[in-house]
2 protein chains.
Amino acid sequence: MTAPLFNKVAIVGFGLIGSSIARCVAEYPGLANGVVCVDRSQAVCDRVLELGLAQQAGTDPALVSQCDLVVLATPIGAFADLGAVIGPHLTAGTVLTDVGSVKQSVIRDIAPHVPDGVHFIPGHPLAGTEHSGPDSGFALLFKGRWCILTPTPGTNQAAVDRLSAFWSGCGSMIEVMEPGHHDRVLAITSHLPHLIAYTIVGTATDLEEHLQSEVIRFSATGFRDFTRIAASDPTMWRDIFLNNREAVLEVIQRFTEDLTALQRAIRWGEGDKLHELFTRTRAVRRSIIDAKQA
Amino acid sequence: MTAPLFNKVAIVGFGLIGSSIARCVAEYPGLANGVVCVDRSQAVCDRVLELGLAQQAGTDPALVSQCDLVVLATPIGAFADLGAVIGPHLTAGTVLTDVGSVKQSVIRDIAPHVPDGVHFIPGHPLAGTEHSGPDSGFALLFKGRWCILTPTPGTNQAAVDRLSAFWSGCGSMIEVMEPGHHDRVLAITSHLPHLIAYTIVGTATDLEEHLQSEVIRFSATGFRDFTRIAASDPTMWRDIFLNNREAVLEVIQRFTEDLTALQRAIRWGEGDKLHELFTRTRAVRRSIIDAKQA
């Protein structure tokens, strides 16, 4: 039997993603010998031990010093502080990664705190649900989903390969990408959709009271799908928008222009323009089904 | 054994909704003795007979004269012409209904063609998928979903009760509503979400080519949910926007104001405003789950 890829994995921030990684380590052989939980909430640490998701759990950042893989899985707004606190406890040879949804800001916040000899490889598993906390994770979360790694130039290739193997072992498909490119792609595929969903659900809750209850009752007509997205973790998403500001503002601008054009087509009864767009968008769905991402 | 609610049901326009109703008639006892398909496409009629979804199928509108329930299930843009063609063949005592997503325009287009003694009761089952055509229907489509009826004042109550019983037999929950109120509620719960989904998918397809393929590959991050909605039938949706123009334009305006406010909060780094909204929208999801519409 070959040795697992890592000895101990520290998961810092034990929410949906962190606890899903821990479940992968427990269920899939060859990933690691054990999991150490670091979370600023003692209640979360207690729960993690109760669920048997880690062999050790505590609020002390020094716990990472015994681990050869350290995964930062808190909301990205905490990363600057976290880097300063965790950095001194990282030991040479350790692979340090994260699961944040923005990559340029993560590099800005973490890289200055990484000691020599530690391999910092930013990462982003494209997986999640609208649920949060250590109870919400599951080992199949990453299965068939992409995990994007955005190593900076000069990163140790063996470390990248080892981390890739770890994510493959969790069921992911791996893609290596330039951090700025990642942030632009995600701005359109993920950040804008979430912002739109938050907006439309907010618009509905601002309606006159007698309409509000109707919106809930009759939500199974499109609106419902948006409420699922708009139920995602508020802190995580606040941090994403604040940290991918430029790319997000750029796609909002494009979106608004397009919506204004449609609004005008509706006002002037330009049915052909509507039909043409709706036919084009239907084809996009087909591409996604063909790409097996549906 | 009691007699079924209706003898023969004519379904005019045999797509997702029409063929689902036909499947309900076939699978659930007590609804009707048989189904007659009227569709302007001979190919659809042939397919309907092949699938065994109707005992008779043809393009001749006179086929409705032998039926005591007539369900109009074409896109609503066809209703004005359809009313003129079908009207003369309706016989006294018949219940005439439709499944259109806008109710004021349907009343405007159909009511003038309804002969005395025919009970016209506009209806709207809040159910659907992104698929179209007679093959896409299924008998469980309406189960646990609302069906809204919008009878005009003076409508025969026994006819409303009989149609309600028919939809209950298909698995629906019934709600009676004023047509204008229906159109306002649906503008926010259904029409705006669809328009937004069409817009965002359109925005993505207008990206530079190298980004486009990435959008497909990495769609499992929010965007994917929008593509499903944006794959809905183009003709049906064109007709909805053109026929519920005032209500849709009003909610687009509200939505745009709210999006602009969020855009500004992102630009100026106002994290508290974002967090407050995202927390509020999460609660809406909970209401929908509590209302068993999730």
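Which residues have the most contacts inside the largest nonpolar core? They are A:Ile196 and B:Ile196, in a core of 130 residues. A nonpolar core here is a set of buried Ala, Val, Leu, Ile, Met, Phe, Trp, Tyr and Cys residues joined through side-chain atoms within 4.5 Å. Buried means under 20% relative accessible area, exposed over 50%, and partly exposed in between (1.4 Å probe, protein chains only). Another core lies apart from it, with 37 residues, including A:Leu16, A:Ala22, A:Phe142 and A:Val160. In soluble globular proteins, nonpolar side chains tend to be buried together.

This is a predicted model, in which local features need pLDDT of at least 70, side-chain atom pairs count only at pLDDT 80 or more, and totals for chains, interfaces and linings use all residues. Residues are numbered from 1 along each chain as its sequence is written, chains are lettered from A and ligands numbered from 1 in the order in which they are written, and side-chain values use heavy atoms, with hydrogens and water left out.

Return to B:Ile196. Neighbours within four places in sequence aside, B:Ile196 is in contact (heavy atoms within 4.5 Å) with A:Ile196, A:Ile200, A:Phe226, A:Phe255, A:Leu259, B:Phe226 and B:Phe255.

Now take the interface of the two chains. On each side, 92 residues of chain B meet 92 residues of chain A in contact. The buried area is about 8,900 Å², and carbon and sulfur atoms give 68% of it. Buried area is the accessible area (1.4 Å probe) that two parts lose on being put together, summed over both. The rule finds eight salt bridges across this interface. A salt bridge is a side-chain nitrogen of Lys or Arg within 4 Å of a carboxyl oxygen of Asp or Glu. B:Glu175 forms a salt bridge with A:Arg217, with 2.6 Å between the closest N and O atoms. On the side of chain B, α6(B) supplies the largest share, 20 residues. Helices (H or I, at least four residues) and strands (E, at least two) are DSSP runs, numbered from the N terminus.

Helix α7 of chain A (residues 209-217) has A:Leu211, A:Glu214, A:Val215 and A:Ile216 as its buried residues. These pack against α6 (179-205) and α8 (223-229) of chain A, together with α6 and α11 of chain B.

Chain A itself is assigned domain 1 (6-177) and domain 2 (181-290); the bounds come from an automatic or database domain assignment. Their C-alpha centres lie 30 Å apart. In chain A, 18 residues of domain 1 are in contact with 15 residues of domain 2. The two domains bury about 1,300 Å² between them, 62% of it on carbon and sulfur atoms. In domain 1, A:Ser101, A:Glu130 and A:Met177 lose the most area to domain 2, together 38% of what that side buries. The rule finds one salt bridge across this domain interface. The side chains of A:Glu130 and A:Arg228 meet in a salt bridge at 3.3 Å, N to O.

Finally, consider A:Ser172. The residue lies in the loop between α5 (157-169) and β9 (173-176) of chain A. A:Ser172 counts as buried because its relative accessibility is 8%. Neighbours within four places in sequence aside, A:Ser172 is in contact with A:Phe142, A:Arg145, A:Cys147 and A:Trp167.
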